[in-house]
Amino acid sequence: MKVYFIGAGPGAADLITLRGARLLGEVKMVLYAGSLVPTAMLEHCRADAELIDTAALDLEQQQACYLRAQAMGIDVVRLHSGDPAIYGATAEQMRRLDALGISYEVVPGVSSFTAAAAAVSAELTKPEVSQSVILTRVSGRASAVPESESIASLAAHRATMCIFLSGPHLKKIVNDLLLHYPPTTPVTLVYRASWPEQRVYQGTLEKVLDENKRGEWNLTTMMLVGAALDKQQVAESSLYSKDFTHLFRVVKKQKQAEGADAVEEPQP
C-alpha cells in the first residue's frame, strides 16, 4: 500500500502532470482538498474510486482514511492544489505515515505562481533586472510568517515577489512594498489562475489600491510584483546571441589580424 501526494496544478484539469493523471486513474481511494481543487480535476479518476473531500476533515480523520486503505491493501492519492512542496501542509501527514510504516511518494505539480505569470505572459526573471524570485505570503490564522520573513523585510531585495493568498491583505502588502520598491513598480493580481473564473489586474504599486475596490480580490489571489514584469525592460540574455559560445554551440570567430586575407607573394 502506498500514498501518492500529487500536485493538482493551479486549477485547470489539463494542467496536472501526465504522471499525476495516470495515478488518479489507477487508485481506488482519492483524498482531495475540495475547497481548492476543482471537481473537474476528478475526471481523471477511475469510475469506481472512493472520492473523499478533506475540506471538513481534521488530520486525525484523514489519517483514519489512510489506515482504512492500508487494511484494504489499496493505494491512495492525496490530491493537493498547486505543488505539494509549497504551502501544502504535507509534512505533518508524512510524519504520521512514517509512524504508521506507510510508504509514500510525491508527484510535483504546476504552482499557482507560474500559472499567474503565464496568465499575463510574463517572465519573472530578466537579465540585469531581477534574477531572483521570492515566494511568500502574509500571516494567517492557520500559520504565522516569521517576522524575519515579513513583506517589508523581503521587499528590501527588490527582487520579483510572488505573494500567495494576498487578496484580503492588499493595503498592508502595498504599504510594506512601497518601503523599498519605487511607486511605478509593476503589479499583477491574478485570482484563481487557470480556473474558468480567472480574473487579472495589471497596474503599478502607486495605483493598485485606487484602481481596485476593497474586498474585490478574494483569498485565492496571487500578487506578482517587480521590475521584471515591465515589458519595456528589454535587456536580453546572451544565451541565444549569435556571438555567444557555449557547450552546445561554438561560434567561429574570424581572424581580424591585418593581412590575414592577403595572398603572400613568394620571397625572391
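Biologist: Start with Tyr 87: buried, exposed or partly exposed?
Modeller: This is a predicted model, to begin with. Tyr 87 has a relative accessibility of 44%, so Tyr 87 counts as partly exposed.

Biologist: How many aromatic pairs are there?
Modeller: The count is two aromatic pairs. In one of them, the ring centres of Phe 5 and Tyr 104 are 6.0 Å apart with the planes at 85°, so the pair is edge-to-face.

Biologist: Where do Phe 5 and Tyr 104 sit in the chain?
Modeller: Phe 5 belongs to strand 1 (residues 2–7) and Tyr 104 to strand 5 (residues 103–107). They are 99 residues apart, and the pair links distant parts of the chain.

Biologist: Is Phe 5 buried or exposed? And what about Tyr 104?
Modeller: Phe 5 is buried, at 0% relative accessibility. Tyr 104 is partly exposed, with a relative accessible area of 27%.

Biologist: Back to Tyr 87, then. What is the geometry of the aromatic pair formed by Tyr 87 and Phe 164?
Modeller: Tyr 87 and Phe 164 are edge-to-face, with 5.0 Å centre to centre and 75° between the planes. Tyr 87 is in the loop between strand 4 and helix 3, while Phe 164 is in strand 7 (residues 160–164), so the pair ties together parts 77 residues apart in sequence.

Biologist: Why does Phe 164 count as buried?
Modeller: Its relative accessibility is 9%, and buried means under 20% relative accessible area.

Biologist: New topic, pockets. What volume does the largest pocket have?
Modeller: About 1,600 Å³. The lining of the largest pocket consists of 50 residues. Leu 36, Ser 81, Tyr 87, Gly 88 and Leu 165 lie nearest the centre of that pocket.

Biologist: What is the make-up of the lining of the largest pocket by class?
Modeller: There are 24 nonpolar, 18 polar and eight charged residues in the lining of the largest pocket.

Biologist: And the second largest pocket, how many residues line that one?
Modeller: The second largest pocket is lined by 14 residues, and Pro 168, Leu 170, Lys 171, Arg 214 and Gly 215 lie nearest its centre. The space in the second largest pocket is about 260 Å³. Its lining has five nonpolar, four polar and five charged residues.

Biologist: Which residues line the largest cavity?
Modeller: Leu 59, Gln 62, Gln 63, Tyr 66, Gln 93, Arg 96 and Leu 97. Helix 2 and helix 3 are the elements that give two or more residues to this lining. Helix 2 has the largest share, with four residues. By class, the cavity lining has three nonpolar, three polar and one charged residue.

Biologist: Last thing. What is the mean pLDDT of the protein chain?
Modeller: The mean pLDDT is 90, and 85% of the residues reach 70 or more. Over residues 255–259 the pLDDT is below 50, and that stretch has zero contacts in the model beyond near neighbours in sequence.

Technical notes
Residues numbered from 1 in each chain as written. Predicted model: local features only at pLDDT ≥ 70, side-chain atom pairs only at ≥ 80, totals over all residues. Heavy atoms only, no water. 1 Å grid on protein atoms, 1.4 Å probe; cavity = no way out; pocket = protein on both sides within 12 Å on 5 of 7 lines; lining within 4 Å. Points joined across faces, edges and corners; volume = space filled by probe spheres on them. Nonpolar A, V, L, I, M, F, W, Y, C, P; charged D, E, K, R; others polar. pLDDT = per-residue confidence, 0-100. Contact = heavy atoms within 4.5 Å. Phe/Tyr/Trp six-rings, centres within 6.5 Å; stacked < 30°, edge-to-face > 60°. Buried < 20%, exposed > 50% of the residue type's maximum accessible area, 1.4 Å probe, protein only.
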